[in-house]
Amino acid sequence: MKLVSRLVIAFAVCLIAIPALAILAQADEPAIWLSDSSGYVGDEIRLYGEDLSDYYGTVWVYYELNNDWKMVDKDYISSGGSLETDYFEIPESASGSHEIRVCDTNDDYFIYTGFEVKAKLEITQPDDAEGPVGTEVTMKGTGFGEDEDNIELRYYFDGSDYETVKEGIDADEYGSWGVTFTVPASSKGDHKIDAKGDDSSLSEVEDITFEVKPGISVSKSSGSVSDIVTVKGSGFDEEEEDVKITYDDEVVKQTEADENGNWETSFEVPASTKGNHKIDAYGSSTSATTISDKEFTVSPKVTLTPTSGDVGTSLSGSGTGFAGSKSVTVKYDATQVATATSNSKGSFSTSFSAPKSKHGEHTVTVTDASGNTASMKFVMESNPPAKPTLSLPTNGTRIGFISSQTATSQWTAVTDPSGVSYKLQIASDPGFVSLVVTEISGLTETSYTLPQGQALPYGTYYWRVKAIDSAQNDSGWTGAYSFQSGLLPLWAFIIIIVIAVVLIAALLYLLGAKRR
């Protein structure tokens, strides 16, 4: 009986001792574990350890990377054998399991665990992963297979409907790659972006979303009143109605979006002052506050009608894009020809006559009281007038008898839209090298008589005329006519008179002698 009781007591002691020994054995076994055993490149994790008292002191944590090792942390095992590292980041590494080792001061590892890397997508630009259609998006893929080929990037519209925005992408040895694509036409809201490759299926890749915001773009950001500006909208609701385009908060056009939330229309820039003006849009379900407006900068512009003509042509001038309600000065070259006052929208109109000016291009400049200016060209006509026809004295004739003659020149009239004047030359040689009087210009009549002080002495003379219009177009000289001034020079006439007097006196003397 004693033997039985002793056996029962011994068995009970064993039942108690065996678990205790197991617990002691388990407590003595070193152990490490991670805060997360799987995840993505860039995740921050911690490593924990217990019963590491045999390795008391500084330790290093290494991450296996393509058969090499990267140190990710340096920490300290407490005297009690516990370890709790700082958070460290999972480095760029290909998909699959990567060993994490804890090493002592001799760089000998004494314990390890593993971390499973999975593939994911990341938008690096724009930072907020949102924007209008047409945004340039920079993507990065990590955790794909080592040197994985034929990676395809998909942008989803709705459900399973997608567009392949990039293909043929190759990952590097660390399973990473980067590309840029343009957000295609799509309605506003979140759109999934996913990828797959030779080693990675769509379900294995952690996808990401890009939020399409409503936005507008304009074909030009500066110009003049009456310019045509094309506005494109994107990221609106599917087939959104009553989309209105505004210029300085005034509706200038209305349209509607298509099934992808896109629209396009054009409008004419309305009368507005110089400077920046706001272009915006809104629809039945999209407010203007959700859209970044665009600026359109108006510059002054002048219009002239007609842009070419003769002296005296009536010109109509108008201007837009000037300062509002300001005095305006109009100059033709350097000559002021008109004034006006702009209205509240910076527009004005005026008229003036083309002044006398040389044929060719001239600048019409408009300046307002604020110093804003614009100009355009006016072309003065370049058609020469016809040549006059010489009339009197006719070619080869004589005027007068003796002494100097005040010759009168006559020619036919010439007409020209710009008006004409005449220029007269009289010379003593057919080449007009020796002008006997200064060239006579600015004649408006078709005849000219030399004043007494310029009377022509006896001799042969040559004369010619040309017409010049008020645009300084020149007909060219007519052919020269010659004429003779007087029959005899004065000295010859005096000699003849003297001889005649002498002869008469001699005759009278002879007759008187005979009578005696």
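Predicted model: local features only at pLDDT ≥ 70, side-chain atom pairs only at ≥ 80, totals over all residues.
**View 1. Asp194 and the residues packed around it.** Leaving aside residues up to four places away in sequence, Asp194 touches Leu121, Glu152, Leu153, Arg154, Tyr156, Leu202, Val205 and Asp207, where a contact means heavy atoms within 4.5 Å. Residue numbers start from 1 along each chain as its sequence is written, and side-chain values use heavy atoms, with hydrogens and water left out. Asp194 sits in strand 16 (residues 189-196); strands (E, at least two residues) and helices (H or I, at least four) are DSSP runs numbered from the N terminus. Buried here means under 20% relative accessible area, exposed means over 50%, and partly exposed is in between (1.4 Å probe, protein chains only). A salt bridge needs a side-chain nitrogen of Lys or Arg within 4 Å of a carboxyl oxygen of Asp or Glu.

View 2. The structure holds 12 salt bridges. One of them joins Glu92 to Lys140, with the closest N and O atoms 2.4 Å apart. This pair ties together distant parts of the chain, 48 residues apart: Glu92 is in the loop between strand 8 (88-89) and strand 9 (96-103), and Lys140 is in strand 12 (residues 136-142). Glu92 is partly exposed at 29% relative accessible area, and Lys140 is partly exposed too, at 26%.

View 3. Glu130 and Lys213 meet side chain to side chain in a salt bridge (4.0 Å, N to O). Here again distant parts of the chain are linked, 83 residues apart: Glu130 belongs to strand 11 (residues 130-131), and Lys213 to the loop between strand 18 (208-212) and strand 19 (215-218). Glu130 is partly exposed at 26% relative accessibility, and Lys213 is partly exposed at 29%. Asp227 and Lys220 form a salt bridge as well, their closest N and O atoms being 3.2 Å apart. Asp227 is buried, at 17% relative accessible area, whereas Lys220 is partly exposed at 30%. Shared partners also join Glu130, Glu211 and Lys213 into one salt-bridge network.

View 4. Phe144 touches, among others beyond four places in sequence, Ala94, Leu121, Ile151, Trp177, Ala195 and Val205.

**View 5. Arg101 and its neighbours.** Arg101 lies in strand 9. The C-alpha atoms of Arg101 and Trp60 are separated by 8.1 Å, with the two residues 41 apart along the chain. Not counting residues up to four places away in sequence, Arg101 touches Trp60, Val61, Tyr62, Trp69, Tyr109, Ile111 and Tyr112.

**View 6. Strand 41 between two partners.** Of the 11 residues in strand 41 (residues 459-469), 9 are buried, leaving the strand mostly covered. Strand 38 (residues 420-427) pairs with strand 41 in the antiparallel sense over 8 bridges; pairing requires DSSP to find at least two bridges between the strands. Gln425 stands opposite Arg464 in strand 41. Strand 42 (residues 481-485) also pairs with strand 41 in the antiparallel sense, over 5 bridges, and Tyr462 stands opposite Ser482 of strand 42.

**View 7. A confidence check.** The protein chain averages a pLDDT of 91, and 92% of the residues score at least 70; pLDDT is the predictor's confidence in each residue, from 0 to 100. Over residues 1-27 the pLDDT is below 50, and this stretch has 3 contacts in the model beyond near neighbours in sequence.
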